Amino acid sequence: MREILGRRLQRLRDRLQSLRSAARSLGSRAADARTPTTRIPTTHAPATRTPAKRTPVTRTPTLLDAALTCATAWQWPVLPGVGRSVADSARCACPDPDCVVPGAHPFDPGLLAASTDARMVAWWWARRPSAPVLLATGGSAPCAVSLPAIAAARAVVRLDAQGMRLGPIVATPTRWSLLVAPYSLERLGELLYSKDHVPSSLRFHGEGGYLLLPPSAASGGGQVHWEREPVAGPGGLWLPEVEDVVHALVEASSGAPGGGSRLAY
């Protein structure tokens, strides 16, 4: 009997020891579960973006812009020139096959249609955006005196040195036009009659005339540009008198070869 009880007691002890071991194991696992796992987050540094440099966009003035400026800001009557032939850009779009100023003269509309009305100007260039800009000279609009480009450049330097105040100057590869205050044909006739000599290379753009303005294409190739841009002052756009300009140019040509007949100096 004692042996049987001894074996049973031993089995109970073994069973108790086994339960204790299992309890310790479960406690260890529970502790591990309660301990948070420290994770080092993987950080991705945001890509450094260098802002792209923005190049200022310089908008090139269009022919319409130029025409509207002349018509509205300066109150110069303008109209579109005939332009070049679509089939042959070297030829004028007018019916004359031997046109001497291809693209750079009025045709349709005619010169008398020149206007300062912004709506009319916008309508013209909306239909023909590449049309040259023509100024109808005379009346209340500026007139001009033009001469060969090389002679003009030298004359302007000389006149500047003398302190003469000049107005806007329109330049093509072959000729420069010095804008002057409006004058009548009678006034111009009296002026020329009073001079003993006037260079034959001078041309006059007065009442009933026209002048090609920037940024139109020049009739002989190249482009028209402002050698001196119009600058409006407190009293508006200043222009010299035609007598002052002609007198100065005649004086400047007095020492030129051949008496300055072509201002070839």
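Helices (H or I, at least four residues) and strands (E, at least two) are DSSP runs, numbered from the N terminus. This is a predicted model: local features need pLDDT of at least 70, side-chain atom pairs count only at pLDDT 80 or more, and totals for chains, interfaces and linings use all residues. Residues are numbered from 1 along each chain as its sequence is written, and side-chain values use heavy atoms, with hydrogens and water left out.

Start with Thr137. Thr137 sits in the loop that runs between strand E2 (133–136) and strand E3 (143–148). Buried means under 20% relative accessible area, exposed over 50%, and partly exposed in between (1.4 Å probe, protein chains only). Thr137 counts as buried because its relative accessibility is 5%. What does Thr137 touch? Contact means heavy atoms within 4.5 Å. Leaving out residues up to four places away in sequence, Thr137 touches Pro142, Cys143, His205, Gly206, Glu207, Gly208, Gly209, Tyr210 and Leu211. A polar atom of the Thr137 side chain also lies 3.5 Å from the backbone nitrogen of Tyr210. A polar contact is a pair of N or O atoms within 3.5 Å; within protein, one must be able to donate a hydrogen and the other to accept it, and residues adjacent in sequence count only if both atoms are side-chain atoms.

Now step back to the whole chain. Its secondary structure comes to six helices and 10 strands. The chain has 265 residues, and 36% of them count as buried. Take the contacts between residues at least 6 apart in sequence: 73% of these join residues at least 24 apart. The accessible surface is about 16900 Å², with 55% belonging to carbon and sulfur atoms. Accessible areas come from the Shrake-Rupley method with a 1.4 Å probe; for residues, only the protein chains shown count as cover.

Two loop residues illustrate contacts across the sequence. Ala181 is in the loop between strand E5 (175–180) and helix H5 (185–193). Ala181 is buried, at 11% relative accessible area. Not counting residues up to four places away in sequence, Ala181 touches Cys143, Leu239, Pro240 and Glu241. Ala181 and Glu243 are 62 residues apart in sequence, yet their C-alpha atoms are 9.9 Å apart. Pro199 lies in the loop between H5 and E6. Pro199 is buried too, with 3% relative accessibility. Its C-alpha is separated by 7.0 Å from that of Val250, 51 residues apart along the chain.

Next, the pockets. Rolling a probe the size of a water molecule over the atoms shows where empty space is left. On a 1 Å grid over the protein atoms alone, a pocket is an open set of points where a 1.4 Å probe fits, with protein on both sides within 12 Å along at least five of seven lines; lining residues have an atom within 4 Å of a point. Grid points are joined across faces, edges and corners, and a volume is the space filled by probe spheres set on the points.

The largest pocket has a volume of about 450 Å³. Of its 20 lining residues, Val101, Thr172, Arg175, Arg203 and Ser219 are the closest to its centre. Strand E4 (169–171), E5, strand E6 (203–205) and strand E7 (210–213) each supply at least two lining residues. Which strand gives the most? E7 does, with three residues. The lining divides into 10 nonpolar, eight polar and two charged residues. Here Ala, Val, Leu, Ile, Met, Phe, Trp, Tyr, Cys and Pro count as nonpolar, Asp, Glu, Lys and Arg as charged, and the others, Gly among them, as polar.

The second largest pocket has a volume of about 240 Å³. Of the 13 residues lining this pocket, Gly83, Arg84, Ser130, Ala131 and Pro132 are the closest to its centre. Its lining has seven nonpolar, four polar and two charged residues.

Finally, the backbone. Most residues other than glycine have a negative phi, and most peptide bonds are trans. The peptide bond from Asp108 to Pro109 is cis, with omega near 15 degrees. Pro109 is in the loop between strand E1 (78–80) and helix H3 (118–127). The bond from Pro214 to Pro215 is also cis, with omega near 0 degrees. Pro215 is in the loop between E7 and strand E8 (225–228). Gln75 has a positive phi, near 60 degrees. Gln75 lies between helix H2 (63–73) and E1, in the loop. Gln75 is partly exposed, at 46% relative accessible area.
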